[in-house]
Structure formats: C-alpha cells, structure tokens
Amino acid sequence: MTTLTRGPEATALPAPASPSPGRRRGWVTIALFVLPALVLFLLLVVAPILIAFYASAFKWNGFGGLPTNFIGLDNFTRLFGTEVFGDDVRHLVVLVVLTVVVQLPISLGIAMLLNQRIRGRTLYRLVFFAPYVLSEVITGVLFSLILSPDAGVGNRILGLVGLNSDWLADPDTVMLSLFLVMTWKYFGFHMMIYLAGRQNIPEELIEAAQIDGGTPWRVFWHVTLPLLGPTIRISVFLSVIYTIQLFDLVWILTQGGPSHSSETMAVTMLEFGFKRAQVGYASAISVVMFGLSLVFALAYQRFVMRRDLEGATTRMGDRR
Amino acid sequence: MRRPTLPLHVIAWIVGAFILIPVVYALLGGFKSTAQLSVNPFGLPDPWVPSNYTEVFTQGSFWRQLWNSTFIALASTVLVVALSALAAFVFARFAFRGREVLFTLFTMGLMFPFAVAILPIFVLLRTFGLLDSPLGVILTQAAFGLPLTILILRGFFRSIPGEIEEAATIDGCSAFGFFWRILLPMARPALATVSVLAIVGSWNNFMLPLVVFSDESGWTLPLGIQQFQGQYSSDTARILAYLVLAMVPALGFYAIAERHLIGGLTAGATKG
C-alpha cells in the first residue's frame, strides 16, 4: 500500500559516476544516518518475525537458547485441527463483515453529514473522534461495567425494552457486544479519514453534477462515492489488518470467553505462549497471522487497490 | 440551495449521545457509592460521594503509573523521531544504490501485525535482561514506530526545495549541518505530527507492557487499570472513578494536539 513515488530525485551527491573521495564520504554519511534505525529495526522487528517462523517448526517452551526439538509442520497440523482455531477464523470473518457492512457505512454517512455546513460541526467532529484517543483498556473496562448484568447502565436501558441479558457472558451476544464496543471506539477514526478524502474532491465536480440536475442522493451515489473509492478501500484495508491482530479489547472484555466464543488468534496465541509455555505452538499461530496479513495485503493491493491507479474520474465520465 | 438542517442535527445528537453517555455515566458513577449506583444508575449522585476520586489520588500506584506511562511515552517518542529523522533524511535527499530496497524494507514493517512478534520479543528481551525494564518497552515501541515515522518524514523532507540545500552547501554547510540547522527546523510541523502519533501509540499500548512488566513498580496506566478492575471487581463505582481519572491525560492531550493527531492519521492512512 506504500506508493513509492519517484519524484524528481533530490540529490545531495553528484550522480554516481566514478569513485571519488566525495562519494566515499557520502557513503559514510549515509551509513551513519541510516544504521541506528536499521539496527533497531532488524533487531526488534525483523529478527523477531524470523524467530517466530523458525520457532514454529519446533516443540519449544521458550527457554534455553534456540529451540532444538524439531517437529516440522506438526504445530500447524495440530492448530488447523483444533476447534478453537476454526472459531478464531470465524470470529475474524464475522467482525470484518460487520465492520464493512455496518460500521464503515455508518462512518461514511456521518462524515457526509458533518461535511454539510451545520452549526457546531467542529464540536461534533471533536466528540465523535474522541474515543479513538482512549486506550482499548479504558474502553474495554468501561464497557465491561456498562454491559454487566447487575450494575451496568447499558443493560438497564436495554432492560426497559425487554432486551436485558448478560451481554458479555452469553455466547450468542458476545460477538455483537464486542462489535458494538469496536464501533464506539473506531467509527470516529474512519469518519475522519472519509472527511479528509471528501475534502480532497474538487468542489467543481460536485457542483457540476448539481447543476446538471442531480438530486443529492444521485450526486452522492454517482459522483462522490466513486471519487471516495480510494479512501474507502484504504479504510477497509486498515480495518481488516486491525481485526486480524485484535487483542486488547477482547482480552479486557472477555478474555476470549465464554468458552472461546469471542476468542481471536492473538488471544489464542498469548494464551498458549505465556500461560501454557507452548512457545513453538504459539509461534505457529503468529505465523498464520502474519501469513494472513501478508496474503491479504498483497491480494488487496493487486486486485482491489489497483483500480485506484486507473482513476475513478474516467469511470464516472463513462456513466454519464 | 439550503435545506433544513434540523434532521441532520437530530442524527448528530443521537450519535453524540451514543459516544457521550458511557463517559458521563462513568464520570457521575464515580461520585456515587456502588450501592447507590445499583439503585440509581441514571440520575445525578445523591448524595455526591467524592471519596472514590480522592482515594485514587492518595494511592501512590496511580501517580506511579502516570509517571511510568509519561516517561515511556516521551522516551519512545524522542528515540523513534530522532532515528527516523536521520534515516528519512537520507532516504529523501541522497541517491544511492539500494535506497529503494532499504526504504521498502522499512515500509514493509507497516504490514506486520505487532502481535506476530510479541513472543520472540519477549524471549529476546529476556535474553538481554530487559524484562521489567522500561527500556525494553521503549526500544521495542521505537522499533515498531520506525516505518510510519520514516514514511511521513521522508515525504515532508522531499517537499523541501533542493535550492535551499544547494545554497547551504555552497555556504559551506555539511550534510549534517544542513539536516540539523535547516531541515529539522523547517520540518517542525511534520515532527510535531509524528511525535503526537508516537505519544498516543505508546500511551495506549497494552500488549507489550503486559508481557514485559511482571513487577508492579513498572506498570503503565493500562496495566494499572486492568489490575484495579480485578482487585475491586465488586466495587463498580470505585473502578469508574479510576477510569475517569485515567481518561483525563489522554483527553487533555487530545484537546491540545487534536490537529496534529488527525492530520497525521489521515496522512498516514492516505499515504501509507
């Protein structure tokens, strides 16, 4: 998703022609400037991921240097055979679908609303985005109290219409509750991205469509929405990557329970890695998470975001 | 073409209520006793009970966690911004073989979920003796902050005209002199943006401190909140008071740095 824009090369050096003293000094400078970041990055980002791959092929409790008990792909076959892993995948799919079908359209709608000239929209924006800056722990604890069956105010309110339940302890409602909390915390973030994307659309395009007699709805559907395509695709991308590694909220709200009904891969991984000291097996789970993110990122760029290069304007022109 | 805005306001109020009711409930709930909270969850406290809040202030643990969170956030931010600025400078303004490969290596970091690396990081930090040390959290957070910070800073450094650099070089400025005396001061808005992102990320981080700190003296606020909930699980009002006080620094910081935060996030989302 990173666009390596090759703008005009701003060079501090003469073009690399022949080795000269000046050029050698350039290499020293380059090394001094890049090495600190590179060393830290290799040591604490790249190496851990490589170690995770390596450890996933061993039975290992995490102690005593590198693992020695090689078991090939057994960790993976064991993982794919467990019910919990199937649940993890199902929960991932459920949350992604709910996000894309419910949360993001709501965020988009509210962004369009706040793009109108209504009084107080700055304050609305400020308030809607605020939950994003609260930590997932604060959010999680707050909602675990609100949704608790006895003292929880949320449960009382819903009780007025006969909907009271033990929202977080009932396997049938726990995913919905989790999604509700995610929406509370994150819709403001997506709203902000959409607002920024909307402001990048030249106003002339919208005005032209209005002058041509488009109703607000048709202008939105045929002009604004296609032009927001790149922004929407990025917000979907961020949501999926986030959901693959979802941990904090689940850990605080339910610890994955009741009986794994809200567990995510990251929760399963920490459960095995730290509580049961099965680091090799837990590493296999993290490799699966890595693989999922990578495959998704590459496929998404290849098949979905590629359209962004063609430009939505041409398609809009065809339609009219 | 002016349409009535009342329906829009009604929708905005409903959304606002959805956001605010939980926070207001926590704020008021903190002023009730737990017994009062269960008979009177909606209304104003009667009587107002300030002891839940005042007791948090007199407990040393809240202040210690506040300090730990602050120290770790500031140290991680200084480290990641300093290292990223150096690297981004070279990526933006030097042409050399392998530059794009290196840069791509860093930006690939944006796609790695942090959770993937948490177990090996734990093992590595244990090997280096950095468990239960703030340094273990600081170094790791800085490392994972590099990709986005370098990406944003490189973009900004590139936008500074080459003529300025030529003029500085002609006047006898070294590469580092140009970086330190001209580029960094000019890049202040971008530096503010990436700093704000790093501070918020560190402040809210939970998974990493969770595995690094077993000793209470190193805990950050998120760990403290989680532990407090466990300790007083039946005393809801007391937990609400703790939560509200823990929200204050984050919301206060948001009020000050809102522009940089949103600017950085939207830039990161559209460029990343």
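Author: Starting with chain A: among its contacts between residues at least 6 apart in sequence, 67% join residues at least 24 apart. Two residues are in contact if their C-beta atoms, placed from the backbone, lie within 7 Å.

Reader: What kind of model is it, and what are the ground rules?
Author: The model is predicted: local features need pLDDT of at least 70, side-chain atom pairs count only at pLDDT 80 or more, and totals for chains, interfaces and linings use all residues. Residues are numbered from 1 along each chain as its sequence is written, while chains are lettered from A and ligands numbered from 1 in the order in which they are written.

Reader: How many helices and strands in chain A?
Author: Chain A has 14 helices and 2 strands. Both are DSSP runs numbered from the N terminus: helices are H or I with at least four residues, strands are E with at least two.

Reader: And how much of chain A is buried?
Author: Of its 320 residues, 40% are buried. Buried means 20 or more other C-beta atoms within 10 Å of the residue's own, exposed means 12 or fewer, and partly exposed is in between; C-beta atoms are placed from the backbone.

Reader: Which helix in chain A falls short of a straight span?
Author: Helix α9 of chain A, residues 216-244. The expected span is 1.5 Å times one less than the number of residues.

Reader: Where's the kink in α9(A)?
Author: At Gly229(A), shortly before the proline Pro230(A), with an angle of about 55°. The bend at a residue is the angle between axes fitted to the seven residues ending there and the seven starting there. Buried residues of α9(A) include Leu227(A), Leu228(A) and Thr231(A).

Reader: Switching to the interface. How many residues of chain B are in contact with chain A?
Author: 82 residues of chain B are in contact with 78 residues of chain A. On the chain B side, the largest share is 15 residues from helix α13 of chain B, residues 236-271.

Reader: What's the class make-up of that chain B side?
Author: It has 61 nonpolar, 16 polar and 5 charged residues. Ala, Val, Leu, Ile, Met, Phe, Trp, Tyr, Cys and Pro count as nonpolar, Asp, Glu, Lys and Arg as charged, and the others, Gly among them, as polar.

Reader: Give me one chain B residue that touches chain A.
Author: Ala117(B), in helix α6 of chain B, residues 114-127. Leaving out residues up to four places away in sequence, Ala117(B) touches Val45(A), Pro48(A), Ile49(A), Ala52(A) and Phe112(B).

Reader: Why does Ala117(B) count as buried?
Author: Because Ala117(B) has 26 C-beta neighbours inside 10 Å.

Reader: What about the core? Which residues touch the most other members?
Author: Ala87(B), Phe89(B), Leu153(B) and Leu243(B), in the largest nonpolar core, which has 169 residues. Such a core is a set of buried Ala, Val, Leu, Ile, Met, Phe, Trp, Tyr and Cys residues joined through C-beta atoms within 7 Å. The largest share of this core, 16 residues, comes from α13(B).

Reader: Which residues is Leu243(B) in contact with?
Author: Ile138(A), Val141(A), Leu142(A), Ala26(B) and Ile225(B), leaving aside neighbours within four places in sequence. Ile225(B) is one of the buried residues of α12(B).

Reader: Why call α12(B) largely enclosed?
Author: Because 8 of the 11 residues of that helix, residues 221-231 of chain B, are buried.

Reader: What domains does chain B have?
Author: Domain 1 (1-49) and domain 2 (61-271). The bounds come from an automatic or database domain assignment. The domain centres, taken over C-alpha atoms, are 34 Å apart. Across that boundary, 8 residues of domain 1 are in contact with 7 residues of domain 2.

Reader: Where is there a cis peptide bond?
Author: Between Asp46(B) and Pro47(B), with omega about -5°. Pro47(B) is in the loop between α2 and α3 (51-58) of chain B. Most peptide bonds are trans.

Reader: Last one. What is phi at Gln255(A) and Asp132(B)?
Author: Phi is near 55° for Gln255(A) and near 60° for Asp132(B). Most residues other than glycine have a negative phi. Gln255(A) is partly exposed, with 13 other C-beta atoms within 10 Å. Asp132(B) is partly exposed, with 14.
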